[in-house]
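Please keep the viewer open while you go through my notes.

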Amino acid sequence: YFENGQLLGEGNHINGKSEGFWKYYHENGQLESEGNRKDDVRDGLWKYYDENGQLEEEGNFKEDKQDGLQKFYYENGQLESEGIHKNGYCEGLWKYYYENGQLKSEGINKNDYKEGLWKYYHENGQLESEGNFKDFETEGLWKSYHENGQLRSEGNFKSGKEEGLWICNHENGQLKEQGNFKDGEMEGLWKYYHENGELKEEKNY
């Protein structure tokens, strides 16, 4: 029980260990979580709620570690993210959403880290950026886009740092700037352009 006398939790004990279906409560009396326990630890489906009774999270546990499909929710009840946990780590395809239900990002996780192709989206549904992760860092070609679908930037990453030629465009599709990176730092001649395509200035780095 809480100090105010409110029930903290309820369920069965067998041989001194919690077993079967259990419920836990917030101090205000609202349900905080519910699910199955086996040998004193979480095992099976569990659901978690905020102090207003709104579902925050639901997913499976195995020997007290998240294992299987997990879902997380915004305060408005809209799905925030969903994916697979394995031995407590994010594994495989995960999807994240805006509060309006629009897909925000999607990609593969490996041992809790992003790996391979990931895609990010603007709230209007247009692709915002896409590229690969390797060994937890951005790697290879990445592209980003304006909300109107026009290419915003394009270039390569090497071990999480920009490398080689990068270009950036205005929303109307005209070239905005271009130049080279080395180890994430601008290098050599960079050119900058107005929205009408005319050269604005040149700089050396």
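1. First, the ground rules. This is a predicted model, in which local features need pLDDT of at least 70 and side-chain atom pairs count only at pLDDT 80 or more, while totals for chains, interfaces and linings use all residues. Residues are numbered from 1 along each chain as its sequence is written, and side-chain values use heavy atoms, with hydrogens and water left out.

2. Let me start with E57, in strand β5 (residues 55-62); strands are DSSP runs of E, at least two residues, and helices are runs of H or I, at least four, both numbered from the N terminus. E57 is buried and has no salt bridge. Here buried means under 20% relative accessible area, exposed over 50% and partly exposed in between, with a 1.4 Å probe and protein chains only. A salt bridge needs a side-chain nitrogen of Lys or Arg within 4 Å of a carboxyl oxygen of Asp or Glu. The nearest side chain of opposite charge to E57 is R42, 6.7 Å away; Lys and Arg count as positive, Asp and Glu as negative, and His and the chain ends are not counted.

3. What does the side chain of E57 make a polar contact with? The partner is the side chain of Q66, at 3.1 Å. Such a contact is a pair of N or O atoms within 3.5 Å; within protein, one must be able to donate a hydrogen and the other to accept it, and residues adjacent in sequence count only if both atoms are side-chain atoms. Leaving aside residues up to four places away in sequence, E57 touches W46, K47, Y48, Q66, Q70, K71, F72 and Y73, where contact means heavy atoms within 4.5 Å.

4. How many salt bridges does the rule give? The count comes to two. R42 pairs with D64, with the closest N and O atoms 2.8 Å apart. This pair links distant parts of the chain, with R42 in strand β4 and D64 in the loop between β5 and β6 (65-73), 22 residues apart. R42 is partly exposed at 22% relative accessible area, and D64 is partly exposed at 32%.

5. K143 forms a salt bridge with E154, the closest N and O atoms being 3.9 Å apart. K143 lies in strand β12 (residues 137-145) and E154 in strand β13 (residues 151-158), so the pair ties together parts that are eleven residues apart in sequence.

6. On to the aromatics: the count comes to 16 pairs. One of them is W94 with Y96, whose ring centres are 6.1 Å apart and whose planes are at 25°, so the pair is stacked. Rings of Phe, Tyr and Trp (its six-membered ring) pair if their centres lie within 6.5 Å, and planes under 30 degrees apart count as stacked, over 60 as edge-to-face and the rest as tilted. W94 is buried at 2% relative accessible area, whereas Y96 is partly exposed at 27%.

7. Finally, two backbone spots to look at. Most residues other than glycine have a negative phi. F136, in the loop between β11 (127-134) and β12, has a positive phi of about 75° although it is not a glycine. S159, in the loop between β13 and β14 (161-169), has a positive phi of about 55° and is not a glycine either. S159 is partly exposed, with a relative accessible area of 45%.
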